[in-house]
Number of protein chains: 2
Amino acid sequence: MINIAILGHGVVGSGVAEVLEKNKTHISTKAKNEINIKSILDLREFPDLDYSNKFTKNFNDILEDDSIKVVAEVMGGINPAYEYVKACLAKGKSVVTSNKELVAQKGDELLKIALENNVNFLFEASVGGGIPVLRPISQCLAANDLYEIVGILNGTSNFILSKMIDEKMSMEDALSLAQKLGYAEKDPSADIDGHDACRKICILASLAFGKHIYPSQVSTEGIRNITLSDVEYADSCNRVIKLIGKTKLVNNKTVIAAVYPALVSRDNQLSSVNGVFNAIMVKGDAIGDVMFYGQGAGKLPTASAVVADIIDCVKHLQARKYLFWDSAVDNYVSDSLEDTVKLYVRAQADDITKALDEINAVFGNAECLNRNNQAKDELAFITPASSDRKLRQQISKLQKSKAVSILHIID
Amino acid sequence: MINIAILGHGVVGSGVAEVLEKNKTHISTKAKNEINIKSILDLREFPDLDYSNKFTKNFNDILEDDSIKVVAEVMGGINPAYEYVKACLAKGKSVVTSNKELVAQKGDELLKIALENNVNFLFEASVGGGIPVLRPISQCLAANDLYEIVGILNGTSNFILSKMIDEKMSMEDALSLAQKLGYAEKDPSADIDGHDACRKICILASLAFGKHIYPSQVSTEGIRNITLSDVEYADSCNRVIKLIGKTKLVNNKTVIAAVYPALVSRDNQLSSVNGVFNAIMVKGDAIGDVMFYGQGAGKLPTASAVVADIIDCVKHLQARKYLFWDSAVDNYVSDSLEDTVKLYVRAQADDITKALDEINAVFGNAECLNRNNQAKDELAFITPASSDRKLRQQISKLQKSKAVSILHIID
């Protein structure tokens, strides 16, 4: 029997306890050991639970208990999770976490401490909720040189965009609905301003390309300014708007990482990922494109990934899993404005004909878009492919029209 | 340095050698060891290759070489692959294979021999080519009780169906094209009659539910009889025809497994899997639905999965991966006709009105379908959900119409 502890008894933490209890028999078989929750850290009390006697408010009860071999950190946030995880690893306990903020900010440091103490630090649940993606990237695609990852990494924003696309709901109404259904927080900023997706693309990029990338190095734009008119223009060219996290290797040396809303072609698999679902498309030199799809959040899906990591730690108490990346180095992350892209532009113009003449003169073959009930002073077009920086300079210099919305194109 | 051998230097075998050479540095890092191809078994000679000195025509050169720790079997077929794999495992060598026929027929026996000899027998490439699916099911979804797997498991038949759907190509023309492009063999039976998909659903069912299922226990129907009229009726109700492999747990006791062409709703993620791509949707009690998508065949994608298994064996020379299922037991596989399904029926009738009256009398609320240029003596409908067996009996007893095509519905 192996003792474990859970730090935090919120949505995910209670899900972890539930899954461990519900599927006990078959989890023991997989782990080749019975897994026993010895302690749960939470400041609240849960007198009505079967396992109310397992709760403690004192982290040291867990840290100093040498019989506890594996700790699941599911509190979220940097403090005190960071100190707790560091202390557990240093004490020779393996740690699993669903905490994307922690891994995106402190992953390299915690992986190094785990290595030094010959224990495991696993965090499958930090990206894509329950979707298996970090372990497949690290193990199953080990034979590949990976060069790009593109994903829909935030279920809440994807839910909002899906409602705007499928039901022509306004951004405000879709956000209210998401909040009512419990998909979005009262302060929805982490989801709709792209911070959550940003943390996840940091983790994916760090794992795929081998060096830590911090959220501050990722150009991040959310979906707050998307309007139904953008949705309609996208539809007119057989595209849908998705919040995309993207990272790619440039010249095998530097890395670009960005989060932005994009008009995704309906021919792209990512375009059919709807509602609260997530999907991560990984590109490698041997494998081509592979995609992982599923529920990116939620109590039981996330708990499923945390418990899989616990099982892996229990099986590998004497051995380390290979999951590692190095610390950041200078000049490793390139400005995403250097990337070659196509841009969608919605603009206002007093004289549409003159504005289009100018646009065609500047961009050569811009693709002009139309929608129903298009306002008389509104136009929209897609630029040819060029450097993001150069395109934005060209757009800002247009005299006859004024850009209102600029979004990326993903074919 | 760890020595390995490759049995077979066909498409996959040469791909394995290529990937191991091309991504040597980073594969060594992952495997924590340099991997050296010491011998390659093939009856042919390849004098122009850099590594022509590694070839042998004598299997015993590999079997008796105690310095060879891992063997990749990529010959295909049961004989002599079965004898070779058995002998290698018994000699204490770990074996990886891409051979779905071998795993579907002999998986339980080979897993048992591997267990007895404390070596690994891995076969990620046998399902979904390069798509990571077996390892994620076994490891990442370990916390779940899985209850259903539905997949598009054969790229060739999916390519043919995609051409019929997107370009209104006839079955014959699409098959010829697939043969011309090298996707289909001269004798295309394994692909288009469902045998290949059948082997893969056997492997998935065995792994997910823990007991071996043989191809002979799986009701298997291919795509040979699909016509463009079926494609059009499917389109009329917002569906596409896909060759589906499906397995599910019934009452937590028995298992149903089947391969058949089905009209898949466009709301289902599987409907957008086009061309030679494969996708496997796995359903578990905690995770909900997860889907794995990618190239299901091809030299480098398949080699990518074989090499990932080789890396895993090299890393675990002293430890066993948990990947196992038991032998078959009596009455474990239920007749798939017991499953509750909806069926699509295309039929001929002299008097359409009378035929529809009868259909509505028999089925209550059958959904009638229409297509452009519908022949005067043709009708099509979708039954309500009921037992497959009962529905087929009802269809066969219809007096006023004669069923020409009966296909499954997947919502």
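View 1. S206(B) has a relative accessible area of 1% and is buried. Buried means under 20% relative accessible area, exposed over 50%, and partly exposed in between (1.4 Å probe, protein chains only). The model is predicted: local features need pLDDT of at least 70, side-chain atom pairs count only at pLDDT 80 or more, and totals for chains, interfaces and linings use all residues. Residues are numbered from 1 along each chain as its sequence is written, chains are lettered from A and ligands numbered from 1 in the order in which they are written, and side-chain values use heavy atoms, leaving out hydrogens and water. S206(B) sits in helix α10 (residues 195-209) of chain B. Helices (H or I, at least four residues) and strands (E, at least two) are DSSP runs, numbered from the N terminus. Neighbours within four places in sequence aside, S206(B) is in contact (heavy atoms within 4.5 Å) with K211(B), H212(B), I213(B) and W325(B).

**View 2. N117(B) is a partly exposed loop residue.** The loop runs between α5 (100-116) and β6 (121-122) of chain B. N117(B) has 28% relative accessibility, so it counts as partly exposed. Leaving aside neighbours within four places in sequence, N117(B) is in contact with L89(B) and A90(B). A90(B) is 27 residues away along the chain, yet the two C-alpha atoms are separated by 6.2 Å.

View 3. D377(A) lies in the loop between β15 (367-369) and β16 (378-382) of chain A. At 32% relative accessibility, D377(A) is partly exposed.
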